[in-house]
Amino acid sequence: MTGIELAIIAFALMLLAIFLRLPIGLAMGLTGFFGIWYMMGRPNVTLSQLKTLSYDTFSSYSLSIVPLFLLMGQFATKSGMSGALFNAASDWLGHRKGGVAMAAVGACAGFGAVCGSSLATASTMGQVALPEMRKRGYSDALSTGVLAAGGTLGILIPPSVILVIYAILTEQNIVKMFIAALVPGILAALGYMLTVAVMVRINPDSATTAERVPYVERFKTLLSIWPVVVIFGLVMGGIAGDWNWSKVGVQALFTPTEGAAVGAVATGLYGVMTGGLTWKGFLDSVLATAQSTAMIFFIVLGAQIFNSFLAFTQAPQMLADWVSAQGYAPLLVLTMMLIAYLIFGCVMDSLSMILLTIPIFYPIIEILDFGLTPEEAGIWFGILALIVVEVGLITPPVGMNLFIINSMARDIPMSATYRGVAPFVLSDLIRVVVLVAFPGITLWLVGVLF
């Protein structure tokens, strides 16, 4: 049996284990363990690997950014930023048809700038915006659909835990990945708002309008979101800004990990000063961060074991060579990869998809000629993969954001949520097509700053 045949069989068995509800990290780890055992004839290699693989993985300085950004998101959730963001956006947009739904999108984008988690963004903003939209007569489909879609902005607008994992896997610059995600993230928010505008014109009964708020009151509520602006500016400006023009290149104020630490401390201090972050809230935040970090690191370790098995089989390189020899058009290969992400997104979470597919897909991307440098191609593909993975969070049957939003209003049928989110999925797909056709949209800001 050739290495690539063995890799295909192992991949199929791993997917079967995942479908049977085995934890994804365990499924990847066991598949890699027994795969290497089969190839080597004994388990000694993997057993000896485990003692160093675990340490090498978890002692990575780059990975320390993950719990810090998770803690920052927990503090942001507890400190009441979500309510201020929604109120400010609602005062500016609520008088328009469907304006409160647009305000929910804007608030999700703002909260995503200090959170970095799609599930946390959907959950937090859902608690704030869903009751308000239902009280104002918005349809169940629009109310739940827009919040499920808006929640996905949490992992697209930096900082993003998924982008950090991708950058580590592909050895990309984390700061450049964050910068590249800014423009697509803004386009996503604008696209969702445009989708709301189209939906309420097609079905006028799905939304209402609110009274116009005087500009004096609007600016008062706008001032209330200064913590989000300051923290986002502090983190992104600190890691991407040029703080010493006398030297060649970008002289950042601190590294991404230091930036995450500064963001977590700043968010926590704001929560303490406003009274939103109590001692119990602090302990709950630390515990939730520890639990999420343990889950992510366990999946990362399982992926590392599986990737070691793939390295033994040489399947990724053999597959890349085969694709190159076939002479397929690069855009065709890229399209097939993105379609695969859409399919996987129906049954898997975003982190697992990235960890499972990047070791296979990325070597192929490296050898394809898109008219970009290898670094540009890596950054561009990372943003495209993130967007398509994000679509998986709002597609049935395992769209996690759909279940989170629907759980907050159990009287709303899941079918209504599915109907409500469908136009936003279409908006995402249109955005993917645009970004594939015009890579410069993604890479422009990186070129300007670097």
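Predicted model: local features only at pLDDT ≥ 70, side-chain atom pairs only at ≥ 80, totals over all residues.

Me: What makes Phe-282 partly exposed?
Reply: Its relative accessibility is 31%. Phe-282 falls in between, so it counts as partly exposed.

Me: How many aromatic pairs are there, and why is the pair of Phe-75 and Phe-282 called stacked?
Reply: The structure holds 15 aromatic pairs. In this one, the ring centres are 5.9 Å apart. The limit for a pair is 6.5 Å. The planes meet at 20 degrees, and under 30 degrees counts as stacked. So Phe-75 and Phe-282 are a stacked pair.

Me: What makes this pair a tie between parts apart in sequence?
Reply: Phe-75 lies in helix α4, residues 65-78. Phe-282 lies in helix α15, residues 279-313. The parts are 207 residues apart in sequence, so the pair ties them together.

Me: Which residues do ring pairs link into a cluster?
Reply: Phe-33, Phe-34 and Trp-37.

Me: How do you know that the charged end of Arg-218 sits over a ring, and which ring is it?
Reply: The ring is that of Trp-92. The charged end of Arg-218 is 5.3 Å from its centre. The distance cut-off is 6 Å, and the charge must also be within 35 degrees of the ring normal. Arg-218 is listed as sitting over the ring. Arg-431 likewise has its charged end over the ring of Tyr-192, 6.0 Å from the centre.

Me: Where is Thr-289, and how do you know whether it is buried or exposed?
Reply: Thr-289 is in helix α15. Its relative accessible area is 7%. The cut-off for buried is under 20%, so Thr-289 is buried.

Me: What does Thr-289 reach or touch?
Reply: Its side chain reaches the backbone oxygen of Ser-285 at 2.8 Å. Leaving aside neighbours within four places in sequence, Thr-289 is in contact with Pro-67, Leu-70, Leu-71 and Gln-74.

Me: What makes helix α10 mostly covered?
Reply: Helix α10 spans residues 161-170, and eight of its ten residues are buried. Among them are Val-161, Leu-163, Tyr-166 and Thr-170. The buried residues of α10 pack against α4, α9, α11, α15, α18 and α19. Glu-171 follows α10, with a positive phi near 60 degrees.

Me: Which residues have the most contacts inside the largest nonpolar core?
Reply: Val-66, Met-133, Leu-153, Leu-334, Tyr-341 and Phe-381. This core has 150 residues. Its largest share, 15 residues, comes from α11. Tyr-341 touches several residues, including Met-353, Phe-361, Phe-381 and Val-389.

Me: How many helices and strands does the protein have, and why is it called as compact as a globular protein of its length?
Reply: There are 22 helices and zero strands. The radius of gyration is 22 Å. The globule rule gives 22 Å for 450 residues. The values are close, so the protein is as compact as a globular protein of that length.

Methods. Residues numbered from 1 in each chain as written. Heavy atoms only, no water. Phe/Tyr/Trp six-rings, centres within 6.5 Å; stacked < 30°, edge-to-face > 60°. Helix = DSSP H or I, 4+ residues; strand = E, 2+ residues; numbered from the N terminus. Buried < 20%, exposed > 50% of the residue type's maximum accessible area, 1.4 Å probe, protein only. Contact = heavy atoms within 4.5 Å. Core = buried A, V, L, I, M, F, W, Y, C linked by side-chain atoms within 4.5 Å. Polar contact = N/O pair within 3.5 Å; in protein donor to acceptor, adjacent residues only side chain to side chain. Rg over C-alpha atoms; globule rule 2.2 N^0.38 Å.
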